Amino acid sequence: SRVVAVNATSTGTGLNNSIVVFNITGGDPYSLFRIDQTGLVTTARSLVDQIGSYGLVVSVSNLPAVGALSSLALLTINVTPVNMYPPVFQSSPYVQSVREDATV
């Protein structure tokens with residue numbers, strides 16, 4: 001599932017200097033997330049039972065033949081619980097009387 005898109009640019013000139021490459025370099029010990037080369041962060045597997053906050057370190061590098069430059073950013077992803085528990089009646093059993101001549 002889509003989580004977020006990060007954006008980075010390189011103002012370098014020359015062959016491939018404006019091409020950037022994204023990577024998750026830390027903060028994801030269970031490999032829950034992945035990032036593609038457009039900067040789109042998605043889930044890599046189910047997040048069931050993975051509730052919590054994850055501080056991912058995302059790197060971006062340009063792609064020159066020699067001397068690639070890079071930057072880091074912190075991306076915080078909060079995994080929140082969803083409807084994991086069924087509804088519960090406030091009292092049980094319910095007991096009610098109704099007259100046999102009740103209107104239908």
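**View 1. Overall chain of the predicted model.** The model is predicted: local features need pLDDT of at least 70, side-chain atom pairs count only at pLDDT 80 or more, and totals for chains, interfaces and linings use all residues. Residues are numbered from 1 along each chain as its sequence is written, and side-chain values use heavy atoms, with hydrogens and water left out. The protein chain has 0 helices and 6 strands; helices (H or I, at least four residues) and strands (E, at least two) are DSSP runs numbered from the N terminus. From the N terminus, the order of elements is β-β-β-β-β-β. The C-alpha trace spans about 90 × 30 × 20 Å along its principal axes. The radius of gyration of the protein chain is 26 Å, whereas a compact globule of 104 residues would have one near 13 Å; the radius is taken over C-alpha atoms, and the globule rule is 2.2 Å times the number of residues to the power 0.38.

**View 2. The open sheet E1-E4-E3.** This sheet has 3 strands in the order E1-E4-E3, paired antiparallel; two strands pair if DSSP finds at least two bridges between them. Strand E1 (2-5) and strand E3 (33-35) are the edge strands, each pairing on one side only. Neighbouring strands are turned by 20° against each other on average, direction ignored; axes are lines fitted to C-alpha atoms, for helices over the stretch in contact, and angles run from 0 to 180 degrees between N-to-C directions. E1 and strand E4 (residues 40-43) run antiparallel and are joined by 3 bridges. Arginine 2 stands opposite threonine 42 in E4.

**View 3. The open sheet E2-E5-E6.** Here 3 strands form an open sheet in the order E2-E5-E6, again with antiparallel pairing. Strand E2 (20-26) and strand E6 (70-79) are at the edges with a single partner strand each, so one side of each has no neighbour in the sheet. On average, neighbouring strands of this sheet are turned by 30° against each other, direction ignored.

**View 4. The salt bridge of arginine 99 and aspartate 101.** The structure holds 1 salt bridge, defined as a side-chain nitrogen of Lys or Arg within 4 Å of a carboxyl oxygen of Asp or Glu. Arginine 99 forms it with aspartate 101, and their closest N and O atoms are 2.8 Å apart. Both arginine 99 and aspartate 101 are exposed (buried means under 20% relative accessible area, exposed over 50%, partly exposed in between; 1.4 Å probe, protein chains only).

View 5. Of the 104 residues in the protein chain, 22% are buried. Among contacts with a separation of 6 or more, 51% come from residues 24 or more positions apart; contact means heavy atoms within 4.5 Å.
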